Amino acid sequence: MSSSGSQLTKTFSLFRNLGMVVLALHIYLVCYAAFAEWGLASGITDRIFLNLSRNGLFADFHKPRLAAFALLAVSFVGMGGGSGDSRRPVRPARIIGFLVAGAGLYFLAPRFFYGDWSPRVTALGYIGATGVGYCLFWYGGGLLASLRHNPIRDDIFNSLNESFPQERRLLVDECSINLPTRYRYEGRMKKGWINIDPFRGLLVMGSSGSAKTWCVIRSIIRQHLEKGFAMVVYDFKYDDLSRLTWHYYRLYKANYEKKPRFYVINFRELSRSHRCNPLGPTIIRDMADASEAARTILMGLNPDFVERQGDFWIESANSFLTALIWYLRKVEGGRHCTLPHVIELLQVDYADLFSILRTEPDIASHINPFVLAYVRGVKETLDNQLASLKIALSRLSSPALYYVMTGDDFTLDINNPLAPKVLCLGSDPRVSTTYGAVISLYITAINRLVNRRGGLRSSHIYDEMPTVRIHQLNELLATGRSNQVAVTMCVQDASQLRLHYGRAQADVILNLPGSIISGQVGGDTARVLSERIGKVVQLRHSVHESAAGSGGASGFFSGGASGPSVSVSHSTNLDYAVPVSRISTLSSGEFVGFVADNPRRPVAQKAFHCRILPDPDPAVPLAPLPLVRQVTPGDVQAHFLAVKADIAGLVSSHLALMLRTPAFTPLILNSERV
């Protein structure tokens with residue numbers, strides 16, 4: 001302890017000792033009759049106390065009592081904080097109990113003089129009540145000093161230091177996302193708001209059960225539909241989000257200038273699913289679009305392909321699939337350019353398939369290596385080149401997929417101002433790899449169509465985003481703001497995203513969103529998030545506790561009764577506002593993160609650590625999704641066979657045309673036909 005601190009402690013200890021002397025003199029004066037009976041009076045002391053009682057402080061009964069009490073209370077300022085075991089937490093209720101009980105007993109002690117008792121009984125009662133009350137109040141003051149000097153006891157996890165001011169203003173505009181919060185600062189719960197600019201991208205993270213869908217995604221769906229956004233929702237656990245979207249769509253569809261239409265794509269309940277072709281002529285406009293679609297399908301079916309891009313076998317599969325898509329897009333006006341027709345076209349015999357493909361000059365460079373392998377009789381090499389493609393696409397050979405992906409109930413330009421749409425894409429966790437590849441194709445096509453000028457503002461919400469492979473997502477995040485495209489990505493952990501997208505692209509996707517809301521995450525994800533939230537100035541306490549003072553009267557009057565001497569030093573340090581350990585142990589519904597603002601609506605307090613208050617549950621149970629049409633298993637099977645018949649007829653008619661056209665006859669590889 002420093003010399004100045006020691007001198008201050010001695011000064012306040014003197015106040016306490018002086019108060020005890022005043023109280024002792026007061027007791028002797030008011031209980032003189034009892035002391036005289038006990039033989040504790042003398043002539044010299046009688047003359048001294050007689051002069052004291054006639055004037056000054058002791059002339060009144062209550063003045064010395066109040067003075068002694070006040071001197072004790074003032075001494076608490078410099079009292080050492082070592083009462084009891086310094087390692088035990090001091091509860092405020094315990095402190096208040098001792099202070100109230102001591103003060104109450106002390107000030108009720110004069111009641112003994114109003115009773116019809118002997119001087120001895122009155123004196124004993126008064127002295128006992130006053131002394132016990134005084135000591136209780138003294139002990140409570142020691143506990144209070146202990147709490148004040150050693151705040152670490154009740155904050156063993158450093159929660160007070162790691163709290164910081166957060167945004168309390170509600171900043172609403174025609175596009176914003178506003179989430180109400182409760183956060184702790186300076187030991188009190190306060191109300192706040194998370195105000196998000198959706199066009200700068202939003203990443204929502206959190207392990208399973210962290211309530212990211214319950215507290216965040218539901219609110220985004222409601223607010224964006226209320227504000228007139230076109231919308232696409234990827235519903236991984238169909239039909240949870242789809243029914244919620246349908247509910248809010250019916251509530252707020254009147255808010256749109258042009259009433260939107262509601263559509264659902266799913267492969268489980270075909271009677272409640274619309275039909276749409278993601279490879280239609282309006283989407284596949286050139287070879288680049290065909291190549292992008294092919295890569296999306298392959299990466300969606302085989303996440304391992306992400307890390308193997310550039311590999312000979314992977315690029316061979318992508319090149320050949322691109323050729324098939326572009327061929328179907330070119331013939332007969334593209335009416336057979338669908339993924340089911342591509343799958344069936346791939347099953348055609350090599351000789352017939354290569355013959356008809358050679359008639360399209362646009363794809364000559366794509367198919368030339370395969371044709372040469374076939375002509376030279378290197379069939380083993382050819383099979384190896386196309387094996388990965390055939391095996392991958394065989395998983396999509398399903399009547400349900402064929403039925404949904406060959407219709408034209410709507411187009412995928414969801415933000416068309418003249419025909420806005422709200423679209424739900426339903427998946428199934430049990431077959432997420434298969435459905436994820438198909439839904440990836442839909443999402444990639446949508447993103448290519450909406451990221452243009454002149455469209456309605458649109459909201460893209462991807463629940464469990466790593467289960468789909470969205471091609472060129474980083475470009476949408478980087479350029480979508482200028483076209484009013486709001487992207488919300490929901491992942492459980494950064495490692496999950498790296499597994500499906502590869503480390504390089506995953507890191508780009510994680511760093512592009514301007515706003516991040518994270519529930520409980522761990523490992524490297526928590527570390528990076530803690531660093532991005534940043535540091536705040538924190539108060540540090542260093543407590544040194546010396547041995548208790550010696551006993552006896554000298555120890556008592558020097559303050560030894562208040563416990564060991566405590567020296568406390570304070571300093572400030574710049575440390576992480578939300579450390580990794582805190583992020584790794586967040587409760588369900590508790591989130592950390594930061595938001596991005598814009599020049600029109602600056603936000604000073606961008607970081608937050610709070611509990612997000614979810615939207616109240618809808619007042620009525622969620623209605624089932626609307627019935628689109630009655631679909632029987634027979635209808636689906638008949639359509640499945642019709643797709644196969646389409647390809648068989650296309651190949652047959654095209655070969656017949658080649659036989660009738662001298663210029664094409666040399667391109668036929670099947671000698672039997674020639």
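**Ground rules.** I worked on a predicted model, in which local features need pLDDT of at least 70, side-chain atom pairs count only at pLDDT 80 or more, and totals for chains, interfaces and linings use all residues. I number residues from 1 along each chain as its sequence is written, and side-chain values use heavy atoms, with hydrogens and water left out.

**Cavity.** The structure holds one cavity of 30 Å³ or more. The volume of the largest cavity is about 70 Å³. Here a cavity is a set of points on a 1 Å grid, over the protein atoms alone, where a 1.4 Å probe fits but cannot get out. Points are joined across faces, edges and corners, and the volume is the space filled by probe spheres set on them.

I then listed the lining, meaning residues with an atom within 4 Å of a point. There are 15 such residues, and Glu167, Trp193, Ile194, Gln605 and Phe608 are the closest to the centre of the largest cavity. Strands E1 (177-185), E2 (188-196) and E13 (607-612) each give two or more residues to this lining. E2 supplies the largest share, four residues. Strands (E, at least two residues) and helices (H or I, at least four) are DSSP runs, numbered from the N terminus. By type, I noted eight nonpolar, five polar and two charged lining residues. Asp, Glu, Lys and Arg count as charged; Gly is among the polar ones.

**Glutamate 464.** I found glutamate 464 in the loop between strand E7 (458-462) and helix H17 (473-479). Glutamate 464 is buried yet has no salt bridge. Buried means under 20% relative accessible area, exposed over 50%, and partly exposed in between, with a 1.4 Å probe and protein chains only. A salt bridge needs a side-chain nitrogen of Lys or Arg within 4 Å of a carboxyl oxygen of Asp or Glu. The nearest side chain of opposite charge, lysine 212, is 4.3 Å away. I also checked contacts (heavy atoms within 4.5 Å). Leaving out residues up to four places away in sequence, glutamate 464 touches Lys212, Tyr234, Phe236, Cys490, Gln492 and Gln496.

**Backbone.** Most residues other than glycine have a negative phi, and most peptide bonds are trans. I logged a cis peptide bond between tyrosine 238 and aspartate 239, with omega about 15°. Aspartate 239 sits in the loop between strand E4 (230-235) and helix H8 (240-252).

Glutamate 332 has a positive phi of about 50°. Glutamate 332 is partly exposed, at 38% relative accessibility. Glutamine 484 has a positive phi of about 55°. I placed glutamine 484 in the loop between H17 and strand E8 (485-491).

Notes
1 Å grid on protein atoms, 1.4 Å probe; cavity = no way out; pocket = protein on both sides within 12 Å on 5 of 7 lines; lining within 4 Å. Lys, Arg positive; Asp, Glu negative; His and termini not counted.
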